[in-house]
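User: Hey, I've got a protein model open and I'm a bit lost. Can you walk me through some of it?

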Amino acid sequence: MKIILQDRLNTVTAQELERVLGLKKKLAIRVINYRDKLGGFVSIDQYKEVYGLSAHLQFRLIKQTIIQKKYMPKQLSLNHSSFKELIAHPYISPAMAKAMVDYRNHTKFAIIDAIQKLPGYHLSWAKKMTPYLSL
């Protein structure tokens, strides 16, 4: 019997990944840990970011999962998250976290797009990061 995870990748356990996709325990745990550090997967392209996940396994994961468009990942508050919380996110470097904290020390973020004013800002980074940000 073939089981499809559908939109459950953001709630699936490592044991289920092992059983359904045949991932080795260490790799299944790595997928779950990365998902949790992100705050949840919002795109199947993020599977490519999991260290050690081969192209073959990425394809299997993509083929057997769907991420719902309405899925809301765990978000970080631009105005309230600590430096430590910010740098724990895989997409936020210490330099960017410092820029965020420095910015809000002078003025609160009124809109998410204000991240464009941060030093080191790149559009490609913003596209990946925006779903994980709140005010």
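This is a predicted model: local features need pLDDT of at least 70, side-chain atom pairs count only at pLDDT 80 or more; totals for chains, interfaces and linings use all residues.

User: Okay, is Gln-46 buried or exposed?

Analyst: Gln-46 is buried, because its relative accessibility is 4% and buried means under 20%.

User: And what does Gln-46 touch?

Analyst: Leaving out residues up to four places away in sequence, Gln-46 touches Tyr-34, Leu-38, Gly-40, Phe-41, Tyr-91 and Tyr-132.

User: Lots of rings there. How many aromatic pairs does a search of the whole structure find?

Analyst: That search turns up four aromatic pairs. Take Phe-41 and Tyr-47: their ring centres are 5.3 Å apart and their planes sit at 80°, so this pair is edge-to-face.

User: Why do you give me both a distance and an angle?

Analyst: Because a pair of aromatic rings is described by the distance of the centres and the angle of the planes.

User: Got it. Are Phe-41 and Tyr-47 buried or exposed?

Analyst: Phe-41 counts as buried at 1% relative accessibility, and Tyr-47 counts as buried at 0%. Together with Tyr-34, they form one aromatic cluster.

User: What about the pair Tyr-103 and Phe-109?

Analyst: Their ring centres are 4.4 Å apart with the planes at 35°, so that pair is tilted. Tyr-103 is buried, with a relative accessible area of 17%, and Phe-109 is buried too, at 3%.

User: Switching topic: which charged end sits over the ring of Tyr-91?

Analyst: That's Lys-128, whose charged end is 4.3 Å from the centre of the Tyr-91 ring.

User: Now the largest nonpolar core. Which residues touch the most other members?

Analyst: The core has 41 residues, and the ones touching the most other members are Leu-17, Leu-23, Phe-41, Leu-53, Ile-92 and Trp-125. Helices H1 (14-21), H2 (25-38), H3 (55-64), H5 and H6 each supply at least two residues of this core.

User: Pick Leu-53. What does it touch?

Analyst: Not counting residues up to four places away in sequence, Leu-53 touches Leu-23, Leu-27, Val-31, Tyr-47, Gln-58 and Leu-61.

User: Last one: which residues of H5 are buried?

Analyst: Met-96, Ala-97, Ala-99, Met-100, Val-101, Tyr-103 and Arg-104. What covers them includes strand E1 (76-77), helix H4 (83-87) and helix H6 (123-129).

User: And how far apart are the end C-alpha atoms of H5?

Analyst: They are 19 Å apart. At 1.5 Å a residue, the 13 residues of H5 (94-106) should span 18 Å, which agrees.

Note on methods: Residues are numbered from 1 along each chain as its sequence is written. Side-chain values use heavy atoms; hydrogens and water are left out. Helices (H or I, at least four residues) and strands (E, at least two) are DSSP runs, numbered from the N terminus. The expected span of a helix is 1.5 Å times one less than its number of residues. Buried means under 20% relative accessible area, exposed over 50%, partly exposed in between (1.4 Å probe, protein chains only). Contact means heavy atoms within 4.5 Å. Rings of Phe, Tyr and Trp (its six-membered ring) pair if their centres lie within 6.5 Å; planes under 30 degrees apart count as stacked, over 60 as edge-to-face and the rest as tilted. A charge sits over a ring if NZ of Lys or CZ of Arg is within 6 Å of the ring centre and within 35 degrees of the ring normal. A nonpolar core is a set of buried Ala, Val, Leu, Ile, Met, Phe, Trp, Tyr and Cys residues joined through side-chain atoms within 4.5 Å.
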